[in-house]
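Let's take a friendly walk through a structure, one piece at a time. Have the picture open as you read.

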Amino acid sequence: MAGPVLEMRSIVKTFPGVKALSDVTLTVRRGEVHAICGENGAGKSTLMKVLSGVHPHGSYEGDILFEGETCRFRDIRASEQHGIVIIHQELALVPYLSIAENIFLGNEHAKRGLIDWNETLRHATELLRRVGLDEHPETRVADIGVGKQQLVEIAKALSKKVKLLILDEPTAALNDEDSGKLLDLILQLKEQGITSIIISHKLNEIRRVADSVTIIRDGQSIETLDVKAPETTEDRIISGMVGRDLENRFPDRTPHHPEEGTAPALEIRNWTVHHPIDQQRKVVDDVSIEVRRGEIVGIAGLMGAGRTELAMSVFGRTYGRYAGGTVLRDGAEVRTKTVPEAVGHGIAYVTEDRKHYGLNLIDTINRNISLTALGKVAKRGVVDEHGERQVAEGYRRSMNIKAPTVFEPVGKLSGGNQQKVVLSKWIFAGPEVLILDEPTRGIDVGAKYEIYTVIDQLAAQGKAVVFISSELPELLGMCDRIYTMAAGRLTGEFSRAEASQEALMRQMTKDKQAEKDEEVTR
Amino acid sequence: MSTDVTAKTPAPAPPGKGGSAAAGGLWQLMLDGLRRNMRQYGMLIALGLIVALFAVWSDGDLLLPRNVSNLVLQNSYILILAIGMMLVIISGHIDLSVGSLTAFTGAMAAVLMVENDLPWPVAVLLCLAIGAAAGAAQGFFIAYLGIPSFIVTLAGMLLFRGLTEIFLEGQTLGPFPKDLQKVANGFLPEVGPETNYHNLTLLLGFALIAFVIYQEVRDRKRQHEFALEVLPAKLFLLKLVALVSAVLVVTLLLASYKGAPIVLLILGVLVVGFGYLMRNAIIGRHIYAIGGNLPAAKLSGVKDKKVTFLVFLNMGMLAALAGLVFAARFNAASPKAGLNFELEAIAASFIGGASMSGGVGTVLGAIIGGLVLGVLNNGMNLVGIGTDWQQVIKGAVLLAAVGFDVWNKRRVGS
């Protein structure tokens, strides 16, 4: 039984309009821990969905060989029967069922349709011992923490006689201690002969558990490195992750040099936010940033860095539990405890999730645009429909929103046009500070350029712009200054001249552990 | 979903190819308009068909002036409730308590006027305040404490029904003052010379027609002024003619009997008022926004809790109004009053185009839905269909109306 346990050859997966995977080859040796890393949207999760049958055979091109056999999985059940189990980032447990019930959900120990509780509990206890979880199997899943829930997922995988365990960003939601335990468990399972694939962008984590690492970038597998080899440094991995040309085009921007002496348009001081449910966990940890008029300031970070959480908690405390910090506008402290207060102080937040947080999809373009500032087209509480329509028509033309009339439901527009509606809506609100969260996510190149142009114009008009993005070239192309965040903390600040993809990525993949190590070596 | 929208929509009206094609062009225009506004016109057409069906089936009895008058009186309280219910459903909630609240305010009215001889205008105002307070209490639990509206109003349904029986001690209480009865059952007073028609009703009808024409023409002119797209002239004319003739027919029918019922006037004020509120007032927009996408509305600065609270307060007040009209019409407050009214009002809203998930619907839609149910009831009575089959048929109509809506939405792909 030599040879690799898994081979994926030249996998190509297209979604309507997007090529998510253009050519991925992955070889995993028997009994190793194989890491996959890459930027947000590089195609890591899609690849694992192809492997586990979420995207069934026939919906992609290329071959999958598992234990030397060609596999054609129709669904997740088929891949699980072969011993391939995937644990997704969002855990798939039923909160109000017990640990034991969750472990055997869909796979119950039963005789003629009736559950054999004795066997269920015995087996569950055994599995919990194997994953090192000291909880009674009849405890409700809702009553244990996320870290322990992760272990329940692994126990569930073990109950399915797993041969290849896939973990998608398993430590993203965990604190340091739980992360450590989980990584130890992966190493233990390795000793028991279970091969694992771990998707992660925490480099110190990869160094700790993985034997080899495959780097994926823009839907292609770039290279596979031996982690234990001395030449595989973190810098080496980073250069693999970002080594792409700056081929995207941006409007010509004259970099902004703020005058000294004036107060920044927006300043956030020592901002700390706790997770809304797991209140022990700091999602944003003592972050201080500032933006000046006419300046575009980027915030770079990977999944779980806390960028959106920072923005939303500043904007009317719409995320998490506030645990300290102040917001200053033009040098004066302001209250932004509610959305109307934040808007009243000239702050706008354009969400990364336009479908859920940005737009009323069943309503029309004009009504979506006017919603935040209805007062501007109303007299004594009554909306002037013609005035409103005129405003909307104005934005339809100036933002080039492709729709026959402004009475089109927003849900019918393409992603790029929806994004233009969200932007119009917030520009109409007349803010001085705009926080743009992934403003070009999921839209085509042409629409991206149009949105860059709008952002550039806003800055030219003297607005302060905070630009949150996962695409480094976009930040490098647009921003005057870039902050990096990792695991809720600010890890760096770069001027336009200093910033490079490698430099940013180094700070973005830095977490608390790495920082501590650094301090010790100093 | 991600395709370019401009490519899909039908080309604007094909320019007239000379006189012979004009009729075909108009037909084409109408079909296009229909296709785009299936939601709005579908139920109106269905209502027209139901009216036509029963008019023929009952040998014209349905459209006898006396019957039309009756139809308005019989359905007024459901229609009043349907207006409030539409707002509740648009905001993404439901109110099961309105039937019981209707009975409760009727009982309070009887206690105040019959037992304590309070002057009726004072008692009416007190009852409206009680209804508003009951609605506000439920709204508080729903909006500020976050208890699901289904649960809160289910509790309210039991609670107010029980209170009704407690206050009435299980008895029927009446009669109400003559003046109040007149408001609920009576007609507009007659003025002017003897004609075959009711003069004041005719006058009001003509005034309404003049207002409709003025409003539509002014709207069109303003759209021109703002250089916005307008309805093609032919279609505009057709719409105007249809509107005017509908008002004219109802006016003539009512005027040839005893005139317009006073409740119709109240109802008219409510429809216009709430229609305007939902369409043009900021609060109306906010109701649509929280029902359509609550997180997005919150992030847009909409005060969702306050809006929800007000919607339920308003529902309580309208339930009180319905309760007063109902009690005065039957000249008694009964513990069994308003039974299943909540379900009729909810059915009317859904037939009229509301969506279970909120964010969709119009006040006019609720009225059309209520009329569909009302005409069905009345028509089936006229042709002698028993109440057993009436319920079966109404159930089927509700299912068909909503089913059609769901199918249509999927077809359009929104």
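Start with chain B: of its 414 residues, 40% are buried. Keep in mind that this is a predicted model. Chain B is built with 17 helices and 0 strands. If you take the contacts in chain B with a separation of 6 or more, 79% of them come from residues 24 or more positions apart.

**Two domains in chain B**

Where the two domains touch, 8 residues of domain 1 of chain B are in contact with 6 residues of domain 2 of chain B. On the domain 1 side, the elements giving two or more residues are helix 4 (65–90) and helix 11 (262–280) of chain B. Helix 4 of chain B gives the most there, with 4 residues. Sorted by class, that side of domain 1 has 6 nonpolar, 1 polar and 1 charged residues.

**Where chain B meets chain A**

How many residues of chain B are in contact with chain A? There are 27 of them, and they are in contact with 40 residues of chain A. On the chain B side, helix 1 (5–8), helix 9 (199–225), helix 12 (282–292) and helix 13 (294–299) each give two or more residues. Helix 12 of chain B has the largest share, 5 residues. By class, the chain B side has 11 nonpolar, 11 polar and 5 charged residues.

**A strand in chain A**

Now hop over to chain A and find strand 11 (residues 212–217). Is strand 11 mostly covered or mostly open? Strand 11 of chain A is mostly covered, as 5 of its 6 residues are buried.

| Partner of strand 11 (chain A) | Direction | Bridges |
|---|---|---|
| Strand 3 (residues 33–37) of chain A | parallel | 4 bridges |
| Strand 12 (residues 220–226) of chain A | antiparallel | 6 bridges |

Ala35(A) has Val213(A) in strand 11 as its bridge partner, while Thr214(A) stands opposite Thr224(A) in strand 12. Strand 11 and strand 12 of chain A form a hairpin with 2 residues between the strands. In that hairpin, Asp218(A) takes a positive phi near 50°.

Technical notes: Residues numbered from 1 in each chain as written. Chains lettered and ligands numbered in written order. Predicted model: local features only at pLDDT ≥ 70, side-chain atom pairs only at ≥ 80, totals over all residues. Buried ≥ 20, exposed ≤ 12 C-beta atoms within 10 Å, placed from the backbone. Pairing = 2+ DSSP bridges. Contact = placed C-beta atoms within 7 Å. Nonpolar A, V, L, I, M, F, W, Y, C, P; charged D, E, K, R; others polar.
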